[in-house]
Amino acid sequence: MGVHDNADSKYIVMGSSNFSKLAPKRPTTVVFNDNSSKIPKQEDSQQNVQTENVDKGNITLQQQRKSLPVYRLRKRLLEEIRRNSTVIIIGETGSGKTTQIPQLLLSSGIAGCTGCIGITQPRRVAAVSVARRVAQEQGVETGKLVGYCVRFEDVTSSQTRIKYLTDGMMVREAMTDEILSNYSVVILDEAHERSVQTDVLLGVARRAQNLRKLKNLPPLKLLVMSATMDVDKFTKYFQAPAVYLEGRQHPVKIYHAVKSQEDYAFSALVTAFQIHRDNPANEDILVFLTGQEEIEAAAVSARQVAKQLDGQGYPSLKVFPLYSALPTHQQLEAFKPSPPGMRKLILSTNVAETSVTIGGIRHVIDTGVVKARTHHPTTGLDMLRVEKVSKAQAWQRTGRAGREAAGKCYRTYTKEEFERMKEMPVPEIQRCSLAGVALQLLAIGVDITTFDFMDKPPKDAVDVAATCLENLGAIKGSPPQLTTLGRTMSLFPLDPRFTKVILASVDHQCLEEALTVISLLSGESIFTDPPAKRQQAYVARSRFASPEGDHVTLLNVFRGYTNTKQKKVWCHDNFLHHRNLEYAVEVRHQLAALADRANLERASCGTSTDRLRKALLEGLHDNLAELQRDQTYVTVNSKQPVSIHPSSTLHASKPPLILFTEVIATGRCYIRGLSVIDSSWLTEKGFNAAGKHD
């Protein structure tokens, strides 16, 4: 049964959206309008980022740049930046702020003769895509004047003056250089997302700015940018003026579902194919889903339906998945323009919400949900669950349809459901584990309990983080100080518990295996689960299954993968994600380099994989679940009832004691990423029954 028969009969039309709503409260300090020249809203205008130099008639890259609001308002904007050490910039979608402001700072001389302009992005795909676009506009090769740096990939050089990087990478730079001395300007883009790393970086950048003043060093300019943010909160925190840049957002009609949809993914696909049947081929479709598994399943279904429609007079349809664990070159495939007569259907997580313009998108389907990780200090567990987006996120998604021309947004939720959404997302710092943040801050020389966050994290979450790091041997004393082990742990861009596994594996002589398993756990699942071939996939997976659990099973897969020559064919035959395994290979290479830098002794345990499980126990000893008399499991620490996830190798067995990597909350709490643990190992390492050191 379809979501709608046609857009006008079953959807409520709200009319064209006013995208000034993206700024909940317009700042009064400085308002930039564009009354001097009215540029026609042409379909071929370039808004923010595309990765290909598409032929747009006779419009050149430079003409496209000059058509953007930021470029036309450059003189007044640069005056404001010169006058203030920090400026908050609310730039509407399509204003060109992400690509143009760094170039203007460079050409105007504000960035000085040698200083680097650093522009942070919450996501890897945005940092890479924007850097490539700006390099193209500058007429240079990526990695020279313009470069990027993301986890496990650094494409910069000594010539780089404009550097796009993820929030986390700049925080890591601050760990060895607290005043960020390489930068003359730091631009914190998409600040509204309020990820943990963004919030840490807000404080770290402000601290670097103040330290330079105290030391009479050249000043550091800060620009904080977003299309949606709580302006009052940001201006108060930075004691800085806010400026408002109007965008070139084209009108977007919004359609809400008439009634609630039980299966949002199915509803989204039905809507996508209704659009496909009723609209011209040059109008591409973007669908927001929650994660890799959901996207891959939807992609299989969409390709099957598209195949059935071949030869019936509809445009050909090409389906592109888009999520953070995809290798960069495959992420960028979604940004390439469609050939004549072909339509793109992009199935994406929230990586497509901000910064990156995907050329050709005229229709957005917003399911209104996102997968979010939430830490519960009382249970000590990280829960991964699907939850409703905020209104700000919904507006961001809507804006994807109006970047280049008028568009439409189909929300698979009702208008009433939209009205009940919270205005802004809860800052991640207030809902996530803080162990990694605390370790990073201590490496910079800052105590998390005194750090000036924009929004203070809950005290019990801070206490839990400190206890976790103390149990791992990373800190000691009060106020906490990094131990030698903790200093080594801070070198690795991983959850501290994963890093502890790597360091403990040296004693257990299984570093090679630990690097492999942690690399595989750092990406998305390597197993495919096509709905039509579930039984064949299960049989294929059983070839690698180990009675010791999922971690040794992953190790078996990786060993098989590295020992075969026809890797793509082998992956296809064994129902494995080739690209996710390739990503794991890249991550492993980087982690091995860090291990060598830390002088860790390389060794392999061969078939003695109990050594690997002992190393896993040292890092993840808080994550234990015990079998009860009624054959159910509860976590050892918090007595939380849990069930083994159906995807686990151990799903059909009942080991007395198991270690888990993560908890997924749906109707019940499922644990996955499991290893069988011998209770005698707890005694050997001095752990008590709750997995704590005695």
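**View A. Q209 is buried, at 5% relative accessibility.** Buried means under 20% relative accessible area, exposed means over 50%, and partly exposed is in between, using a 1.4 Å probe and protein chains only. This is a predicted model, with residues numbered from 1 along each chain as its sequence is written, and side-chain values use heavy atoms, leaving out hydrogens and water. Local features need pLDDT of at least 70 and side-chain atom pairs count only at pLDDT 80 or more, whereas totals for chains, interfaces and linings use all residues. Q209 belongs to helix 8 (residues 196-214). Helices (H or I, at least four residues) and strands (E, at least two) are DSSP runs, numbered from the N terminus. Beyond its neighbours within four places in sequence, Q209 contacts S85, T86, L220, K221 and L222. Contact means heavy atoms within 4.5 Å.

**View B. E190 has a positive phi without being a glycine.** Its phi is near 55 degrees. Most residues other than glycine have a negative phi, and most peptide bonds are trans. E190 sits in the loop between strand 8 (183-188) and helix 8. E190 counts as buried, at a relative accessible area of 3%.

**View C. F575 also carries a positive phi and is not a glycine.** The angle is about 55 degrees. F575 lies in the loop that links helix 22 (567-573) to helix 23 (578-597). With a relative accessible area of 17%, F575 is buried.

**View D. The S478 to P479 peptide bond is cis.** Its omega is near 0 degrees. P479 is located in the loop between strand 19 (475-476) and strand 20 (481-482).

**View E. Helix 15 (residues 435-444) is mostly covered.** Nine of its 10 residues are buried. The buried residues are A435, V437, A438, L439, Q440, L441, L442, A443 and I444. G445 follows helix 15, and the phi of G445 is positive, near 105 degrees.

**View F. Helix 16 (residues 459-472) and helix 18 (residues 496-507) are in contact.** Two packed helices are described by the angle between their axes and the distance between the axes. Here the axes come within 11 Å and cross at roughly 0 degrees. Helix 16 is therefore roughly parallel to helix 18. Helix 16 contributes C468, L469 and L472 to the contact, and helix 18 contributes P496, R497 and K500. By class, the contact holds four nonpolar, no polar and two charged residues. Axes are lines fitted to C-alpha atoms, for helices over the stretch in contact, and angles run from 0 to 180 degrees between N-to-C directions. Angles under 35 degrees count as roughly parallel, over 145 as roughly antiparallel, 65 to 115 as roughly perpendicular and the rest as oblique. Ala, Val, Leu, Ile, Met, Phe, Trp, Tyr, Cys and Pro count as nonpolar; Asp, Glu, Lys and Arg count as charged; the others, Gly among them, count as polar.

**View G. Strand 24 (residues 657-665) is largely enclosed by the rest of the structure, because nine of its nine residues are buried.** Strand 21 (residues 624-627) pairs with strand 24 in the antiparallel sense over three bridges. Strand 24 also pairs in the antiparallel sense with strand 25 (residues 669-676), over seven bridges. Two strands pair if DSSP finds at least two bridges between them. I658 of strand 24 stands opposite A625. The bridge partner of I658 in strand 25 is V676. Strands 24 and 25 form a hairpin, with three residues between them.

**View H. P646 touches Y670.** P646 is placed in the loop between strand 23 (641-644) and strand 24. The two residues are 24 apart along the chain, and their C-alpha atoms are separated by 8.6 Å. P646 also touches H651, not counting residues up to four places away in sequence.

View I. C149 is buried, at 5% relative accessibility. C409 is buried as well, at 0%.

View J. Of its 694 residues, 61% count as buried. Among contacts between residues at least 6 apart in sequence, 76% join residues at least 24 apart.
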